[in-house]
Amino acid sequence: MKRMIKRMAAVGAALLLVLAAGCGQQTVELDPAEALNQLKAEISFTDQMTDMDSAGACRFYDVDTDWVADAAAYIGSGATAESMAVFEAADTDAAGSIAEALRTFTDSWIAGYSDYMPEEVPKLENAVLEQSGSYVVFCVAPDHDTAETAVHDLLNP
């Protein structure tokens with residue numbers, strides 16, 4: 001009888017661990033190109049935008065390719081500061097490095113657009129930058145609230 005109670009307690013404890021693990025933050029899995037297409041359907045831009053592959057996104061945002069497993073970007077003509085990218089990092093440490101590179105990119109563009117087109121600076125100051133696990137999403141859009149909601153929903157299904 002004692003043996004049976006111990007087994008039931010062990011099974012109960014194991015079940016609680018499994019249930020508790022399920023209550024944690026859901027891990028998101030994204031294909032950067034598909035995620036970018038989803039965001040493009042939800043976020044409007046005023047500039048003429050062009051798609052970029054992983055290598056182009058890394059060059060444009062000055063992100064080390066060693067940090068990136070895959071990426072996709074949607075880049076404006078330069079007439080505005082508008083752009084958007086989804087990065088899948090090699091690991092969570094690399095994702096942190098990508099996020100830092102995107103902050104540096106944003107600061108650099110704020111300095112450049114301050115003289116060139118100061119009306120674009122608020123878009124950059126309100127850029128959406130969100131990291132979830134090994135994914136980093138960046139968006140500079142005319143409507144910050146819509147972009148923020150779309151990015152949050154993408155990373156927190």
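**Entry 1: D62 and the end of helix 3**

I began with D62, which sits in the loop between helix 3 and strand 2 of what is a predicted model. I looked up its backbone angle and found a phi near 55 degrees, a positive value in a residue other than glycine. I noted this because most residues other than glycine have a negative phi. The residue follows just after helix 3, and with a relative accessible area of 65% D62 counts as exposed, since the cut-off for that class is over 50%.

**Entry 2: helix 3**

At the N-terminal end of helix 3 I found D53 as the cap, with a side-chain oxygen 3.4 Å from the backbone nitrogen of A55. A55 belongs to helix 3 and is partly exposed, at a relative accessible area of 37%. I also checked A55 against T65: the two are 10 residues apart in sequence, and their C-alpha atoms are 7.4 Å apart in space.

**Entry 3: helix 4**

Helix 4 has 25 residues and spans 35 Å from its first C-alpha to its last, which is close to the 36 Å expected at 1.5 Å a residue. Its N-terminal end is capped by D91, whose side chain places an oxygen 3.1 Å from the backbone nitrogen of D93.

For burial in helix 4 I wrote down A94, A95, I98, A99, A101, L102, F105, T106, I110 and Y113. What do the buried residues of helix 4 pack against? I find helix 3, strand 2, strand 3, helix 5, strand 4 and strand 5.

I looked separately at S108, which is placed in helix 4 and is partly exposed, with a relative accessible area of 45%. S108 and L124 are 16 residues apart in sequence, with a C-alpha to C-alpha distance of 10.0 Å.

**Entry 4: E120, between helix 4 and helix 5**

I followed the chain into the loop between helix 4 and helix 5 (121–125), where E120 lies. Is E120 buried or exposed? At 6% relative accessibility E120 counts as buried, the limit being under 20%. I find its side chain joined to that of K123 by a polar contact of 3.1 Å. Once neighbours within four places in sequence are set aside, the contacts of E120 are T80, A81, E82 and Y113; Y113 is also one of the buried residues of helix 4.

**Entry 5: helix 6**

I then took up helix 6, residues 144–155, which has 12 residues and reaches 16 Å from its first C-alpha to its last, close to the expected 16 Å at 1.5 Å a residue. The buried residues here are A147, A150, V151, L154 and L155. Seen down the axis of helix 6, these buried residues fall within an arc of 125 degrees, so they line one face of the helix. I set beside this the general point that an α-helix has 3.6 residues a turn, so residues three or four places apart point the same way.

The buried residues of helix 6 pack against helix 2 (32–42), strand 4 (128–132) and strand 5. The N-terminal end of helix 6 is capped by D143, through a side-chain oxygen 3.3 Å from the backbone nitrogen of D145.

**Entry 6: the chain as a whole**

I closed with the totals. How many helices and strands does the chain have? I count 6 helices and 5 strands, and from the N terminus on the elements run α-α-β-α-β-β-α-α-β-β-α. Of the 157 residues, 39% count as buried, and the accessible surface comes to about 8,900 Å², 53% of which belongs to carbon and sulfur atoms. Among contacts between residues at least 6 apart in sequence, 62% join residues at least 24 apart.

On confidence, I note an average pLDDT of 87 for the chain, with 83% of the residues scoring at least 70. Over residues 1–24 pLDDT stays under 50, and the model has 0 contacts beyond four places in sequence for that stretch.

How values were computed. Residues are numbered from 1 along each chain as its sequence is written. This is a predicted model: local features need pLDDT of at least 70, side-chain atom pairs count only at pLDDT 80 or more; totals for chains, interfaces and linings use all residues. Side-chain values use heavy atoms; hydrogens and water are left out. A polar contact is a pair of N or O atoms within 3.5 Å; within protein, one must be able to donate a hydrogen and the other to accept it, and residues adjacent in sequence count only if both atoms are side-chain atoms. Helices (H or I, at least four residues) and strands (E, at least two) are DSSP runs, numbered from the N terminus. The expected span of a helix is 1.5 Å times one less than its number of residues. Buried means under 20% relative accessible area, exposed over 50%, partly exposed in between (1.4 Å probe, protein chains only). The arc is that of the directions from the helix axis to the C-beta atoms. Contact means heavy atoms within 4.5 Å. Accessible areas come from the Shrake-Rupley method with a 1.4 Å probe; for residues, only the protein chains shown count as cover. pLDDT is the predictor's confidence in each residue, from 0 to 100.
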